Each structure stands twice: as C-alpha cells, then as structure tokens.
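Please look over the sequence and the structure shown here before reading on.

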Amino acid sequence: MLRHLVTHPSQLLTKEDLLNAIWPGVYVTESQVKQVVQQLREALGDDARAPHFIETVHGRGYRYIGNIELHEATHPHVPESAAHGLPEPPGRGSLATRLFGREAELRTLHQWLGAARAANRCIGFVTGAPGIGKTALVGAFARIAEATGGAQSAIGRCAEHYGAREPYLPIFEALEGLFKGPRGDHVAECLARVAPSWFERICPARAGPRRLAGKASHERILRETALAFETMAAELPLLLWLEDIHWADESTLELIEYLARRPEAARLLVIGTFRSDLGSNETMARIHANLGARGLCRDLALGPLGENDVAAYLAGRLPGLPARVAPLLTRRTDGHPLFIVKMVEHLVEQNLVTQEGGRWALRNDREDFDVGVPESLKNLIDWQCEQLEPEDQRLLEACSVAGFGFAPGVVAAAAEADPLLVEERCERLARQHRFLRRRGEIKWPDGTAEARYEFQHHLYVEVLYKRLTPRRRAKYHLDIGNSLERNQGSCSAEAAAELAFHFERGGDRLRAATYLEQAGANALRLFASKDAAELLGRAIELVGALPDTPERARRELALLLQLGPPLTAIEGFASPKQEAVLMRAIDLARRLDSIEDHFAALRGLHSVRQHSGDFIGARETAGELLALATRMGTAESILHARVHSGVSRFFTGDFLAARAELALGAGDLELIRLGGASPAPSVDSRIYRFTQDAFSLWFLGYPDQAIDRIADAMAFAQRLRNPFYLAIVVEAQSHLHVLRGETGPVMTSAGQLIALANEHDLDYLKTAGAVYLGWAKFTEGDEEAGLADMRNAIAWFVAIRAVTRHLMCLPLLADACTRAGRTADAADAVASALSIGERCGANHWRAELLRLRGELALQHGRLDVPEQADALFRESLQIAQSQSAKSLALRTATSFARLLLLRGKPADAQALLGPILAWFTEGSSSRDWREAEALLRACQR
C-alpha cells in the first residue's frame with residue numbers, strides 16, 4: 001500500500017481505489033484498509049492528527065504528502081522507523097516485523113545499488129540461517145527501490161523439491177515477471193533483439209514460428225541471458241533477486257558466475273540469498289569462494305537481532321508491554337526474527353496479552369511469567385497446524401508434498417477432494433494469512449487455468465512434510481505425480497524433472513527413471529551437460545534398484561549409452577568415469593546378446609582408451625570391433641571398425657597399415673560430395689576417417705594431399721551443418737598447417753576453431769586451438785605469450801588425463817623452442833614426450849623426438865662428442881624409414897646433413913639428403929621442403 005501511495009503523491013486515493021489496486025480479485029473489507037494505514041503510521045512514526053506522510057480525507061480516502069526525493073541520493077536515506085520494516089498488505093505476509101534492527105543491512109544494500117547505478121555491476125550474496133530474514137530484507141529493499149524510482153526488480157526462486165533440477169528455472173521466472181510487469185513491451189523488445197532463445201520462450205505469441213529449437217548452445221544461452229539483463233538495465237538499473245540459490249541448478253549458478261566475470265559496464269545488481277546452514281551445493285560454494293577471492297562479489301551475512309532491536313519491535317507492535325519481556329523473548333528465541341514474529345503472534349492469539357486503549361499488557365503479570373516459547377520452530381508450526389480443521393491440516397500436508405508453490409487441482413488428487421473445493425480452502429487460508437498466499441495463476445497445456453498458491457515460508461513446507469508418515473508421503477507423491485502427468489498431457493516432457501521427483505518419492509522407480517531420462521534430454525538440448533549427467537545418473541541408479549530382469553538390463557544399457565556425451569563434455573574424452581560406464585554397458589550388452597549395443601559401447605571405450613594414452617588397450621579394443629563388425633556384416637559397422645583400427649595403428653606408428661584402413665575410395669569421395677544420408681553414428685566415424693587419413697598422408701610424405709583430404713572433410717562437415725564435426729575438421733586443419741610450418745594459415749584456422757568452440761561450448765577443442773595459436777605467436781616472435789598459451793593448454797590436458805592431446809602438444813612445443821634456442825624448455829618437452837610414448841606404446845612421434853634431442857645436443861655445444869648427435873640422428877632416420885614416415889625422414893636427414901656440412905663434409909651431406917628430397921613429388925611450399933632444398937644447394941656449392 002505504501003508503494004501505491006508514494007507513486008501517487010498528493011493524489012486522493014479512495015478506499016475503493018486502494019482495494020482494487022492492492023487486492024484485485026480478493027475480498028477485503030474497508031476496515032482492513034484502515035488497519036493497514038494504522039500499521040503504516042506506526043512504522044513511519046506518523047500522527048494522524050498532524051500527519052507528515054499519510055493524510056486522511058475523512059469519509060473519502062487517503063493522500064501521501066511526504067517527501068519522495070529519495071532517488072536523488074546515491075545512498076538513499078530511509079526513515080529509521082521504515083528501516084525497521086514496511087508493513088505489507090494482508091494476503092502478502094507482513095515483512096515489517098522482520099526488519100527491525102536491519103538499518104545497517106539496508107544501507108549496505110543501497111550502497112550496492114549505488115554502485116550498480118554508476119554502471120559498476122554488482123553481485124551480492126545475502127546469507128544466514130533459515131528464517132533469519134533474508135527474504136524479508138531483500139524484499140523490502142526491492143520495494144523501496146522500485147517505489148522511489150531507484151531500480152526495477154525481478155525475482156527468481158530456486159526450489160528444493162525438484163530433486164534433479166531443470167536448467168535456468170529461476171531465470172525463466174525472473175524474465176517472465178519482467179515481461180508481465182509495467183515495462184513488458186520494453187522487455188520483449190530487448191529479448192527479441194539480444195536474446196532470441198529466451199524471446200521464443202517468454203513471448204511465444206510474439207515470436208511466431210519456432211526457429212531456434214535445438215540450436216542454442218549453453219555458451220550462447222549464457223551470453224544471451226547476460227545481454228538481456230544488461231540491456232534492460234541500460235535505462236533503469238535492474239535488481240535481479242535470485243532467492244534460495246543453495247537449491248539452484250548448475251546452469252543458473254554458472255550464469256551468476258558468468259555475470260560476475262563479464263568486464264562490460266552494466267547498471268545491474270544481482271542479489272542471491274542462500275542459507276548458511278546448507279552446504280550441500282558444492283558448485284555454489286566453489287563459485288562463491290572463487291568470486292570472493294577475486295573481489296567480484298560482496299557478502300552480507302545476517303545474524304540474530306539484539307535485545308534493543310527486539311525491544312524496538314515490541315514497542316511498535318505491542319506498545320505498553322513491560323520492559324522485561326524483550327530480554328526474555330530475546331533469550332528464548334536467540335534473537336531469531338522469524339521465531340520472534342511467530343512468538344508474538346502466539347501471545348496475541350492465545351490471549352496471553354490484552355489491549356486496552358491502544359496499550360498492551362501481560363494477562364499474567366507475575367515476575368516469573370513464562371511466555372512459553374516452543375523449543376523449536378517445528379513445534380510452533382505444529383501447534384499452528386493443529387489449530388486448523390482436520391481437513392485443512394491434511395490439505396496443507398498434501399500441499400507440502402507438491403512443493404513450495406502448487407496448483408490446487410494437482411493437490412486435489414492426494415487430498416481425495418474436489419479440485420474446486422480444494423481451491424476454495426486454499427483461498428480461505430490465504431485470506432486468513434495462515435500458511436498460504438495466492439501467487440498468480442497457472443495455465444495448463446489444454447488451455448485451462450487455475451489459481452496458484454505458495455507457502456509463506458519454506459520452513460512450513462519442511463515441517464509439514466515431515467509430519468507425514470512414510471507410507472502416506474509416498475502415496476501423496478504418487479497421487480500428485482499422476483495428477484500432474486494428466487494435466488501436462490502431451491507436454492509432460494517439459495515437466496519431466498518434477499514428475500520424476502514425485503514418482504521417485506512415490507516408489508514408482510520405472511516411471512521416475514523414464515522422466516529423468518526425458519529431463520536429461522531437455523538439459524542436453526540446452527547444452528547443460530552437468531545437469532544432463534546428474535539427471536541420467538540418477539535414472540541409472542533408479543533402474544539399478546529394479547528387479548534384475550532383461551527389461552531392466554535393457555533400460556540401464558540405453559541410459560548408460562546416453563550418459564556418454566555429457567560425461568565427455570564435462571570431463572573430457574579420457575574420463576575414468578566414462579570408462580567405468582562403458583565397461584558396465586559392455587557387460588550388459590553381452591548378457592543381453594545385443595551386438596549393436598555391444599559395438600556402440602566398444603566404440604566409446606576405444607575412444608576413451610585412445611585419448612587416455614592406453615594405446616595397447618585401444619588396439620585390442622579395435623580388434624574386438626573388427627570381429628563384431630564381421631559378425632554384424634553391415635557396411636556401416638565395418639566402416640566404424642576400420643576407422644577405429646586405423647586410428648590405433650596410426651598412434652603405434654604403423655602409418656601404411658593405418659592408411660590402408662582409412663583411405664577413401666572413389667565411392668567414398670562421391671558420397672562425400674553428395675553429403676551422405678547415413679545415420680548420425682556413422683557421421684562421427686567418417687569425419688574422423690577423413691582427418692586421420694590426412695595425418696597419415698602427411699607422415700607418409702604427401703603434405704599437399706593431406707591438405708586436400710582436409711578440404712574434402714570440410715565440405716562434408718559443412719553439408720552436415722554440425723558445429724562439433726566442423727570444429728573437429730578445423731582443428732585438424734590447424735594442426736596440419738603447424739606441421740607444414742605455415743604461420744599465417746595457423747593463425748586463421750586456430751582463430752576460427754576458438755570462435756567455434758566458444759560458440760558451442762567445446763572446451764576440449766578450444767584448448768587445442770590455444771595450442772596452435774600459441775605456436776603461431778611463438779613462431780612470429782611473441783615467445784613469452786606463445787609459450788604461456790601452450791603450457792596452459794598442456795596443463796589442462798594433463799588435468800583431464802588427455803594423454804593423446806598432451807603427446808600431440810609436446811613435439812610442437814619442443815620444435816618451436818628448439819628453433820628459438822630455448823634449449824631448457826625444449827629438452828623438458830622432449831624428455832616428457834619420450835617418457836609418455838615409452839609408457840603408452842605410442843611410436844608415431846618417436847623419430848621426431850630423437851631428432852630434436854640430437855639438435856639440442858648440438859645447441860649445447862656438444863660437437864666434442866659427435867657420436868651422440870650422430871647416434872640420435874641415425875636412430876631417428878632408421879625409425880622414420882621403417883615406418884615409411886617420409887616427412888619425418890626428411891626432417892632428420894636435413895638435421896643430419898647440416899651437421900655433416902658443419903664438419904666440412906658437403907659430399908656426405910648431399911649423398912644423405914639428396915635422395916630423400918628427390919623422392920618428394922609435392923609439398924614444395926612447406927617449411928620442411930624449403931629448408932631441405934636450401935641446405936642441398938649449400939652442399940652443392
């Protein structure tokens with residue numbers, strides 16, 4: 001009401017005006033309006049006979065006559081009485097009594113808003129125990145900011161009841177609230193311009209036909225959401241309030257961190273409230289700690305109220321009570337605001353205090369008077385519940401199973417009552433300010449709508465929920481799940497996580513697993529890999545608890561195979577967890593004699609082993625794949641098996657055999673040009689077939705054909721319109737340009753790779769791009785920056801056990817450092833690569849590493865021990881020739897010939913290098929060819 005009065009200064013507002021504006025559609029008597037005005041005057045210290053804020057126009061209404069220039073100050077002054085709390089209208093719960101003693105905290109919040117108003121984005125966390133007044137404080141602050149024109153606000157609530165969380169639910173609520181608010185048109189315009197993914201969801205009637213479904217990456221959604229809030233805040237600072245983030249989903253927490261880390265100026269204040277007694281959300285704890293360590297967030301911890309604060313509250317709420325009541329109440333409640341409020345309500349309702357002439361007194365005025373504070377809030381809430389009719393008690397218990405917010409029609413099934421009757425009872429409780437409050441409407445997919453209610457506090461939900469016996473609790477969950485499923489109809493997949501929660505708690509594990517699987521698919525469409533992995537992992541646990549039947553095994557197997565992609569996105573291609581998942585899938589596939597699933601799981605296992613450096617195990621797995629493909633007898637399975645076999649042979653240095661497996665025939669090339677129409681799994685193998693064949697061609701001495709093969713792969717990937725496959729091809733292209741020593745093309749392709757990876761949340765390939773870009777910087781002379789980029793990327797690959805990538809980076813780093821004369825850095829890289837190769841059985845780079853070790857011996861001035869460099873070059877050349885690795889042989893022959901020339905043996909150098917260079921029929925533009933040709937001419941002088 002205060003907000004409505006303040007926003008209509010000096011204007012007469014009749015009682016009818018106030019009823020329509022404050023309580024639309026709710027029956028409230030005029031006497032209640034008068035009561036609220038009286039509470040406002042008490043809170044503001046105003047006198048009806050000589051008013052400074054609210055003037056009464058007898059028989060007509062009220063007028064606000066106070067000063068409203070609060071928004072002019074950077075840190076607005078709040079009247080001391082108002083700082084104690086502003087009364088809320090009936091039906092919204094009174095926040096006034098919870099804000100006594102919070103003057104300093106309100107000033108802190110206004111300081112945060114002042115920073116945001118100055119375009120210094122501010123991320124703040126308000127913490128404290130449950131019921132300490134976090135919601136009351138931030139809610140009052142938001143209303144003050146809005147009423148004085150200081151900011152616009154949006155709230156998004158995180159709920160505990162959705163055990164496996166849907167991504168971005170509180171963000172959706174906040175954006176939807178902004179859209180439905182007074183600046184809705186502006187919000188819609190901002191979303192349409194900078195956040196089309198959200199525009200389609202928030203404003204479907206304006207968005208028209210869906211165009212972006214399935215295309216928005218997780219990175220893109222983060223960027224769009226941030227731009228949306230920042231754009232909306234351009235004209236008027238925006239307060240984004242995310243309540244109870246200890247229950248937030250991973251994606252919402254990532255957004256908070258993303259908003260905090262963005263360097264752009266923004267008139268944005270983000271406030272997250274969370275319970276200090278809940279430490280279960282490790283992601284939230286990590287983000288909070290990281291932001292705090294970097295000075296990117298501010299904290300405001302709420303503690304209990306002091307005795308003076310309690311005395312001030314009692315003086316305003318029950319004036320006239322003896323002074324000894326305040327310390328008694330403080331001790332019994334430990335200064336907990338919610339306990340204090342409920343205890344005072346208890347005193348009034350039980351007639352333990354009486355009122356005469358506007359003054360309150362204790363009914364029993366003995367010195368040892370005991371106000372009877374319950375031992376815990378649970379007991380108090382239990383007592384309040386027991387005062388209700390038995391039907392209302394059972395209804396509230398059923399509502400607690402539905403969650404903090406609920407639709408009466410859904411709860412009606414559990415309460416075994418008519419939906420209309422349930423809605424009427426909820427409305428009556430809300431009007432009486434008992435447990436519930438009304439909060440808008442909910443529309444179901446069939447077009448019907450009903451009122452939506454929520455509890456006044458999450459603690460009510462917790463206490464009421466625990467009152468239920470396990471058997472009745474399970475029944476309620478099952479009934480609510482069935483009701484929600486009916487109401488959602490064909491759109492049930494959109495509420496999959498909520499349905500899964502109810503069916504799991506209701507004991508229907510099979511249906512719970514089904515909806516968890518759907519929720520996982522929903523998360524994957526948003527590129528929310530962490531949420532998808534959590535949902536699918538929980539589904540696997542539930543299915544695993546079912547009786548051991550073939551049907552259970554089939555369900556578990558299907559879920560295990562779906563879990564692979566999100567695990568890879570989270571932990572990389574060499575994830576130990578994924579290896580365990582795939583081994584379990586292989587065991588189930590064997591039991592079920594499902595050769596197709598066995599084959600799919602083996603393909604994933606081969607990839608894990610290959611990337612983790614278990615080359616011997618990977619080669620064994622490739623052999624199993626070939627055997628299974630022969631049994632299956634399909635061209636597609638044989639294609640997959642040959643690709644995996646070729647990849648394994650490549651890394652063990654058998655380049656000719658790898659080429660035989662990977663080489664493309666005329667029919668394959670024609671299929672590439674047509675774009676192909678094969679199922680998605682074969683696309684992955686075909687892309688890798690092209691790229692790995694290109695590397696085989698380079699090692700075998702065909703550098704130009706290698707580039708041509710990458711061009712074929714690029715054309716195919718572009719036809720598929722799959723950003724992941726396109727990024728794989730661009731990564732291979734970047735690597736080949738590095739091998740050819742072409743700095744400019746490396747800069748271009750590595751930049752394209754990093755841009756693609758950023759757009760589609762491909763951290764693994766983004767890090768590979770950083771390696772190539774670092775190599776190019778180093779080669780161009782920016783040695784420190786380039787070396788730092790390469791080392792950081794290598795450290796990341798080591799952290800995720802990506803041994804293959806680690807082994808790929810080290811020779812590039814060693815070669816660059818050797819050419820720059822950084823012998824210590826080069827020697828460390830060579831030693832590490834040789835050690836990894838010997839341990840893992842990887843021989844594809846051994847010849848090159850021995851050559852580099854010989855070069856380093858020469859740089860150290862070791863010509864007094866010529867046999868050391870000789871021996872290294874000879875061993876390198878022998879390995880390269882045995883592998884038919886002409887490109888490596890050319891490099892070693894060039895290094896060896898240079899040594900012979902320095903010793904004054906030009907004829908020996910020419911005899912060594914000439915035949916090898918003469919073998920090459922292509923590659924004259926590559927650095928290796930140019931260096932060899934220049935050295936050969938020097939030998940002939």
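## Terms and overall picture

Helices, written H or I and at least four residues long, and strands, written E and at least two residues long, are DSSP runs that are numbered from the N terminus. The model described here is a predicted one, and its secondary structure comes to 45 helices and 13 strands.

The protein has 941 residues, of which 55% count as buried, and it exposes about 39100 Å², with carbon and sulfur atoms supplying 51% of that area.

## Helices α29 and α30

Helix α29 runs over residues 615-632 and helix α30 over residues 635-651, and the two pack at an angle of about 160 degrees with their axes 8 Å apart. Because angles over 145 degrees count as roughly antiparallel, α29 and α30 are described as roughly antiparallel to each other. Their crossing is left-handed.

On the α29 side, the residues that meet α30 include Phe 615, Leu 625, Leu 626 and Met 632, while those they meet in α30 include Ile 638, Ala 641, His 644 and Phe 651. Sorted by class, the contact of α29 with α30 has 10 nonpolar, four polar and three charged residues.

## Helices α22 and α23

A second pair is formed by helix α22, residues 470-488, and helix α23, residues 496-505, which pack at an angle of about 145 degrees with their axes 7 Å apart. The crossing of α22 and α23 is left-handed. Among the residues that make the contact are His 477, Leu 478, Ile 480 and Leu 484 of α22, together with Leu 499, Phe 501 and Phe 503 of α23. By class, this contact of α22 with α23 has seven nonpolar, four polar and three charged residues.

Leaving out residues up to four places away in sequence, His 735 touches Phe 695, Tyr 772, Met 808 and Leu 812.

Leu 13 belongs to strand β1, residues 13-14, and with 3% relative accessibility Leu 13 is buried too. Apart from neighbours within four places in sequence, the residues in contact with Leu 13 include His 4, Leu 5, Arg 60 and Tyr 62. The C-alpha atoms of Leu 13 and Thr 56 are separated by 9.9 Å, although these residues are 43 residues apart along the chain.

## Two partly exposed residues

Gly 316 sits in helix α14, residues 307-317, and its relative accessible area of 28% makes Gly 316 partly exposed. From C-alpha to C-alpha, Gly 316 and Ala 43 are 7.0 Å apart in space, while in sequence they are 273 residues apart.

Leu 592 lies in helix α27, residues 576-592, and at 23% relative accessibility Leu 592 likewise counts as partly exposed. Which residues does Leu 592 touch, not counting those up to four places away in sequence? They are Pro 550, Ala 553, Arg 554 and Leu 557. Leu 592 and Leu 557 are 35 residues apart in sequence, and their C-alpha atoms are 9.6 Å apart in space.

Technical notes
Residues numbered from 1 in each chain as written. Predicted model: local features only at pLDDT ≥ 70, side-chain atom pairs only at ≥ 80, totals over all residues. Heavy atoms only, no water. Axes fitted to C-alpha atoms, helices over the stretch in contact; angles between N-to-C directions. Parallel < 35°, antiparallel > 145°, perpendicular 65-115°, else oblique. Left-handed = near helix turned anticlockwise from the far one by under 90°. Contact = heavy atoms within 4.5 Å. Nonpolar A, V, L, I, M, F, W, Y, C, P; charged D, E, K, R; others polar. Buried < 20%, exposed > 50% of the residue type's maximum accessible area, 1.4 Å probe, protein only. Areas by Shrake-Rupley, 256 points an atom, 1.4 Å probe, with all protein chains shown as cover.
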